[in-house]
Amino acid sequence: MVFLWLTSAILCSILMQIPTFILSSFLTIKPIMIPNAASLHSAFDPVMGTLSGGSPTERRLSDMSGYYADTKAFDSLLAQGDALHYAVSAVAPAEGEGALHYAIGNLLPGRVGREYFMTKGHFHAWRAAGEYYIGLSGEGVMLLESEDGTESLLLPLTANAAVYVPGYTAHRTINTGDVPLIYLGIYPAQAGHDYGAIAERNFRHVVVDVDGKPVMMAREAYMGSGMF
Ligand SMILES: [Fe+2]
């Protein structure tokens, strides 16, 4: 008798747990969060450097004050007009952990002294975040620099080429051609942009035109070279 009573009590207890288990299973399943379809699709022009649904940021020549080594050449160029230097248009369809953003860059061609037109360059605020750059049109290079400034690398950025920028690495895009350099950058939504560190110290190397070819040179060596 006692055995039967115990068995039925245990059975009842198990049966009472089943609805709770099923309910909690449903509660722990994360809802599928797909943003509206329009935010998942955007079209870009690989020659014009435009992006549908993107929020554009423009940098003019005056925004580049202090970035080029040859200040005399910079002032002389600025006196001719504060022209558009580059534009970046970004799409941010989602935020948070795991989300990705991407942007299209349009860097105009030209020189300041012997230095090619370039972007300001930046670290990611979240230093560990990497990024892919994909060349679409034009000819350029990417200058990479380690956080402690002891290592530098110059890599081609051209149509049909991709450059992986590892975390903890400053990166700058440079147009070495005669037409706009158009490229995509794909990066974690949480990467953030730290322009302050570069504004303060700049890159340790410059990329200059030597006999029509881009050459990476230590900034101090360039400054003392008599090349300008
Ligand atoms: Fe970046």
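These legends describe close-up views of a predicted model.

View 1. The chain has 228 residues, and 29% of them are buried. Take the contacts with a separation of 6 or more: 73% of these join residues 24 or more positions apart.

**View 2. The largest nonpolar core holds 36 residues.** Seven names stand for the residues with the most contacts inside this core: Val141, Met142, Leu143, Leu157, Ile174, Tyr183 and Val207. Helix and strands both contribute. α3 (71-79) gives two or more residues to the core, and so do the strands β2 (84-91), β3 (100-107), β7 (131-137), β8 (139-146), β11 (169-175), β12 (181-188) and β14 (205-210). In soluble globular proteins, nonpolar side chains tend to be buried together.

**View 3. Leu157 sits among the core residues with the most contacts.** Neighbours within four places in sequence are left out here. Among the contacts of Leu157 are Tyr133, Gly135, Gly140, Val141 and Met142. Val163, Thr173 and Tyr183 are also in contact with Leu157.

**View 4. Six strands build an open antiparallel sheet.** The order is β1-β2-β3-β12-β7-β10. β1 and β10 (162-165) are the edge strands, and each pairs on one side only. Neighbouring strands are turned by 20 degrees against each other on average, direction ignored. Strands of a sheet pair through backbone hydrogen bonds, either parallel or antiparallel.

**View 5. β1, β2 and β3 are paired in this six-strand sheet.** Strand β1 covers residues 55-60 and joins β2 through six bridges, in the antiparallel sense. Glu58 has Ala87 in β2 as its bridge partner. β2 also pairs with β3, again antiparallel and over six bridges.

**View 6. β10 meets β7 in antiparallel fashion.** Four bridges join the two strands. One of the residue pairs is Ile134 with its bridge partner Ala162 in β10.

**View 7. Three strands form an open sheet with antiparallel pairing.** The strand order is β9-β8-β11. β9 (152-158) and β11 are at the edges with a single partner strand each, so one side of each has no neighbour in the sheet. From one strand to the next, the twist averages 25 degrees. β8 and β11 run antiparallel and are joined by seven bridges. Within this pairing, Ser146 stands opposite Thr169 in β11.

**View 8. Leu154 lies in strand β9.** Is Leu154 buried or partly exposed? It has 15 other C-beta atoms within 10 Å, so Leu154 counts as partly exposed. Beyond its neighbours within four places in sequence, Leu154 is in contact with Val141, Leu143, Val207 and Met216. Pro214 is 60 residues away along the chain, yet the C-alpha atoms of Leu154 and Pro214 are separated by 9.6 Å.

**View 9. β14 and β15 form a hairpin.** Two residues lie between the strands. In the turn, Asp211 has a positive phi of about 55 degrees. β15 spans residues 213-218 and pairs with β14 over six bridges, in the antiparallel sense. Asp209 stands opposite Pro214 in β15.

**View 10. Arg219 belongs to helix α5.** The helix covers residues 219-223. Arg219 counts as partly exposed because it has 13 C-beta neighbours inside 10 Å. Which residues does Arg219 touch, not counting those up to four places away in sequence? They are Ala69, Arg204, His205 and Val206. Arg219 and His205 are 14 residues apart along the chain, and their C-alpha atoms are separated by 4.7 Å.

**View 11. Lys72 marks an exposed position in helix α3.** Why does Lys72 count as exposed? Lys72 has 10 other C-beta atoms within 10 Å, and a residue is exposed if that count is 12 or fewer. Val112 is 40 residues apart from Lys72 in sequence. In space, the two are 9.0 Å apart, C-alpha to C-alpha.

Technical notes: Residues numbered from 1 in each chain as written. Predicted model: local features only at pLDDT ≥ 70, side-chain atom pairs only at ≥ 80, totals over all residues. Core = buried A, V, L, I, M, F, W, Y, C linked by C-beta atoms within 7 Å. Buried ≥ 20, exposed ≤ 12 C-beta atoms within 10 Å, placed from the backbone. Contact = placed C-beta atoms within 7 Å. Pairing = 2+ DSSP bridges. Axes fitted to C-alpha atoms, helices over the stretch in contact; angles between N-to-C directions.
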